[in-house]
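Have the structure open as you read.

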Amino acid sequence: MHIVPLGSLGEKICIIGPSSSGKSSLAKALGNKLDFKVLYLDQIAHLPNTNWQPREKELMRADHKEFISKNNKWIIEGNYSFLMKDRFTSATCIIWLDFKRIGSLIRFIMRGLQNSKDRAGNLEGAKEQITWDMLRQILYVAPKNRSKYAKLISESNAMLIHIKSMKELNKYYQEWELDKRFG
């Protein structure tokens, strides 16, 4: 396995993948290491102090666009495919955490049971961490999105880092000397 050097990622990084694959933790670790601004899409997709109540898509789109235009060095973590083309057009690198759904499911349940308010990417004031909707998303919806994501990535000029296992992701953490407290 060839690991892309950290300095080759450029200054505009997107991290995508299924729920509980480690997107937020990786974004936080990279943001701290590189001193880049980080946008966690779940935080602009939902109303704070709710149980993940969605915001209007146009409000989210406006916040997404503003973040991209106001920051020269950024990391955007999350999927929301209706916004992917916009950020992929600007991105220098896309990191795709493309893990099997059973691993994501186990990590999602473990994360929900821990219910850490300090978890990277967590929604402020969210009370429930495990929902039937997210279980359905991990098991049935996310795997169907793979071809859509691949198409959108192929239409961009960004470099792709396609990570297919937690073991592989851990090698990147080690090679890039990222703080594991975030991973």
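The axes of α3 and α4 come within 11 Å of each other and cross at roughly 5 degrees; such axes are lines fitted to C-alpha atoms, for helices over the stretch in contact, and angles run from 0 to 180 degrees between N-to-C directions. That makes α3 roughly parallel to α4, a label given to angles under 35 degrees, while those over 145 are roughly antiparallel, 65 to 115 roughly perpendicular and the rest oblique. On the α3 side the contact is made by Lys57, Met60, Arg61, His64 and Ile68, and on the α4 side by Phe82, Leu83, Asp86, Arg87 and Ser90. Contact here means heavy atoms within 4.5 Å. These residues of α3 and α4 divide into four nonpolar, two polar and four charged. In that count Ala, Val, Leu, Ile, Met, Phe, Trp, Tyr, Cys and Pro are nonpolar, Asp, Glu, Lys and Arg are charged, and the others, Gly among them, are polar.

Before going on, a word on what you are looking at. This is a predicted model, in which local features need pLDDT of at least 70 and side-chain atom pairs count only at pLDDT 80 or more, while totals for chains, interfaces and linings use all residues. Residues are numbered from 1 along each chain as its sequence is written, and side-chain values use heavy atoms, with hydrogens and water left out. Helices (H or I, at least four residues) and strands (E, at least two) are DSSP runs, numbered from the N terminus.

Now look at the charges. Which residue forms a salt bridge with Glu58? The partner is Arg61, with the closest N and O atoms 3.4 Å apart. A salt bridge is a side-chain nitrogen of Lys or Arg within 4 Å of a carboxyl oxygen of Asp or Glu. Arg61 and Glu58 are three residues apart in helix α3 (residues 57-70), so about one helical turn separates them. Arg61 is partly exposed, at a relative accessible area of 28%; buried means under 20%, exposed over 50%, and partly exposed in between (1.4 Å probe, protein chains only).

Arg61 also meets the side chain of Asp86 in a salt bridge (3.8 Å, N to O). Because Asp86 lies in helix α4 and Arg61 in helix α3, this pair ties together parts that are 25 residues apart in sequence. Asp86 is partly exposed too, with a relative accessible area of 39%.

Glu66 is partly exposed at 37%, whereas Lys70 is exposed at 60%. Shared partners, meanwhile, join Glu58, Arg61 and Asp86 into one network of salt bridges. A search of the whole structure finds eight salt bridges.

Helix α4 (residues 81-90) has another neighbour to visit. It packs against helix α7 (residues 146-154) at an angle of about 20 degrees, with the axes 10 Å apart. That makes α4 roughly parallel to α7. From α4, Ser81, Met84, Lys85 and Phe88 meet Lys148, Tyr149, Leu152 and Ile153 of α7. The residues of this contact between α4 and α7 divide into five nonpolar, one polar and two charged.
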